[in-house]
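Thanks for coming, everyone. Please take a look at the sequence and the structure on the screen. Then I will walk you through them.

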Amino acid sequence: MDNFEQQINKAYRRFASVAQSYYYTFSRPSVTVGGTPSAIFLGNHSSGKSSLVNWILGGPSVQDTGVAPTDDGFTVIMYGEQEEDVVGPAALARLPEEFRSLEPLGPAFLQHLKVKVRNRAILKRATFVDSPGMIDSADAAAPRDYDFNGAVTRLARLCDIVFFLFDPEKPGTTGETVNVFASCLKGVEFKLRVLLNKCDAFTSMYDFARAYGTLCWNLSRVLRTKDLPKIFTTYSGVERAPAANMDFSDFNRHRAELTASFDALGARRTDSVFAAAYNDFACLSMRMRVVDNAAGKIRKLSARHLLAGSATAVLTGGLAALALASALDASLFVFSARGLMAWIAGGTVAALVCLASSVLCRTSVRKLRSALAQKVDDIFVEEHRSQTAIGTFDDLSQRWNGIRAETADIIDHAPLALPFFAKRWRAAIDKVASGLLPALTSQA
Ligand SMILES: Nc1nc2c(ncn2[C@@H]2O[C@H](COP(=O)(O)OP(=O)(O)OP(=O)(O)O)[C@@H](O)[C@H]2O)c(=O)[nH]1
Ligand SMILES: [Mg+2]
């Protein structure tokens with residue numbers, strides 16, 4: 001029998017074309033069976049990402065560190081007995097299959113992708129992804145020649161745990177960094193571990209309180225979780241002695257918790273594979289409901305226009321033919337040159353009416369599509385009324401917020417080539433989503 005990962009891969013393959021018809025992109029369209037869990041380190045420049053990776057790996061440094069912006073690309077550090085460094089498109093080929101979802105980021109991104117294969121024990125349990133830091137402002141992505149936010153979004157979906165580092169030395173950049181990352185981390189908040197790093201640099205409790213407060217303030221404004229996530233107050237490298245009036249015992253405890261968290265990464269991988277698949281199928285089903293509802297209304301309007309248009313065309317064409325035939329004193333049903341002329345005139349009038357009604361139909365469909373796009377929230381509520389009653393609406397609304405803007409855009413502009421038997425497809429997708437948890441528990 002297939003294991004959980006194989007079942008998910010099968011489901012992704014089965015519904016790939018349906019997802020495509022609804023312009024839905026699966027977040028993790030293929031799962032490496034028996035793959036190693038992965039962790040990504042994000043944060044602003046010089047927040048200590050590379051130093052933390054080096055410290056967790058132990059042994060000689062793998063990543064360069066420094067005060068100036070050091071990393072200009074993403075580095076995946078994975079296990080292998082033969083140590084090697086691979087850069088560019090070849091790096092992608094060296095990575096497990098699930099990393100193929102990075103391919104659409106294009107050649108400019110691939111030039112900034114590096115794989116370092118190292119023979120270190122911890123890499124058997126986890127693959128690490130080090131990232132280039134945010135450079136001071138939300139606009140920092142602009143000068144990069146690749147889609148930095150897109151890369152962060154895809155990697156955050158791919159990885160099983162996301163470490164988000166803050167540098168207490170630069171509290172002014174916290175807000176901007178939080179904003180950029182919040183847009184990339186939508187829907188994967190549960191994987192997030194927030195780290196207030198370099199805590200060994202605090203020389204007074206007052207400094208610490210200010211940095212901690214700034215971080216909480218900014219996080220609370222952008223994260224959509226109900227509670228503030230746990231903030232690990234850490235530093236990397238050897239254990240330091242605190243300055244006078246400072247006590248590092250809590251920082252050291254958090255460091256120990258952080259290193260211990262890598263032992264449980266296997267379970268986290270299962271969780272995140274499950275969560276990504278569940279979210280994908282739930283969102284696809286939601287997208288289908290809303291788009292099908294809108295498409296139904298559009299079809300009805302088009303059918304009304306078609307009916308009215310053809311009835312008017314037949315009527316006016318017929319009347320025109322009759323009028324001309326009587327004016328020419330000819331019969332429509334006895335072959336003659338004048339009768340033929342009346343038929344041609346009637347046909348022309350009917351064709352002109354058809355043309356006019358099709359233009360009218362197009363204009364009103366256009367109007368209806370933009371009106372429906374504006375009312376996309378109402379359609380969502382209409383389609384999910386039963387869930388409001390059973391109290392799962394909050395969960396649905398959160399998912400809906402993630403796909404709402406794109407769904408409205410599809411209704412407004414995209415060519416709609418929806419599959420036949422959409423209702424049956426939807427039922428099959430709902431069945432997969434509801435069967436995921438039992439499949440997971442039966443495997444455990
Ligand atoms: N005091 C202290 N300094 C640290 C710590 N971690 C890193 N640093 C210093 O901070 C500077 C930046 O560290 P990096 O590890 O290069 O930071 P980064 O986030 O990888 O930076 P970019 O790659 O440029 O984004 C270096 O000078 C490190 O020595 C820490 O835990 N405590
Ligand atoms: Mg770095």
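First, a word on terms: helices (H or I, at least four residues) and strands (E, at least two) are DSSP runs, numbered from the N terminus. By that count, the chain has 15 helices and eight strands. Its radius of gyration is 30 Å, well over the 22 Å that the globule rule gives for 444 residues, so the chain is more spread out than a compact globule. That radius is taken over C-alpha atoms, and the rule is 2.2 Å times the number of residues to the power 0.38.

Now the ground rules. This is a predicted model, where local features need pLDDT of at least 70 and side-chain atom pairs count only at pLDDT 80 or more, while totals for chains, interfaces and linings use all residues. Residues are numbered from 1 along each chain as its sequence is written, and chains are lettered from A and ligands numbered from 1 in the order in which they are written.

Back to the overall layout. Along the principal axes, the C-alpha atoms of the chain fill a box of roughly 115 × 50 × 45 Å. How is the chain divided? There is domain 1, residues 36-247, and domain 2, residues 282-443. The bounds come from an automatic or database domain assignment. Between the C-alpha centres of domain 1 and domain 2 there are 47 Å.

Two residues are in contact if their C-beta atoms, placed from the backbone, lie within 7 Å. Take the contacts in the chain with a separation of 6 or more: 81% of them are between residues 24 or more positions apart. For burial, we count other C-beta atoms within 10 Å of a residue's own, again placed from the backbone: 20 or more is buried, 12 or fewer is exposed, and in between is partly exposed. Of the 444 residues in the chain, 34% are buried.

Let's go inside. Helix α6 covers residues 148-158, and nine of its eleven residues are buried, so the helix is largely enclosed by the rest of the structure. Among the buried ones are Phe148, Arg154, Leu155 and Ala156.

Two of those names come back in the largest nonpolar core. A nonpolar core is a set of buried Ala, Val, Leu, Ile, Met, Phe, Trp, Tyr and Cys residues joined through C-beta atoms within 7 Å. This core has 51 residues, and Ile40, Leu155, Ala156, Cys159, Val162 and Phe163 touch the most other members. What does phenylalanine 163 contact, leaving aside neighbours within four places in sequence? The list is Ala39, Ile40, Phe41, Leu42, Arg193 and Leu195.

On to ligand 1. A residue is near a molecule if its C-beta atom, placed from the backbone, lies within 6 Å of it. There are 23 residues around ligand 1, and Gly48, Ser50, Ser51, Thr65 and Gly133 come nearest. Helix α3 gives the largest share of this shell, three residues. By class, the shell has five nonpolar, 14 polar and four charged residues. Here Ala, Val, Leu, Ile, Met, Phe, Trp, Tyr, Cys and Pro count as nonpolar, Asp, Glu, Lys and Arg as charged, and the others, Gly among them, as polar.

Serine 46 is not a glycine, yet has a positive phi of about 65°. Its place is the loop between β1 (38-43) and α3 (49-57). Buried or exposed? Serine 46 is buried, with 23 other C-beta atoms within 10 Å. Lysine 198 is also no glycine, and its phi is positive at about 60°. It sits in the loop between β7 (192-196) and α8 (205-222). Lysine 198 is buried, with 23 other C-beta atoms within 10 Å.

Last, two stops further out. Aspartate 72 lies in the loop between α3 and β2 (74-79). It is exposed, with 10 other C-beta atoms within 10 Å. Not counting residues up to four places away in sequence, aspartate 72 touches His112 and Pro132. Valine 117 belongs to strand β4, residues 113-118. It is partly exposed, with 17 other C-beta atoms within 10 Å. Beyond neighbours within four places in sequence, the contacts of valine 117 are Met78, Gly80, Gln82, Glu83 and Glu84.
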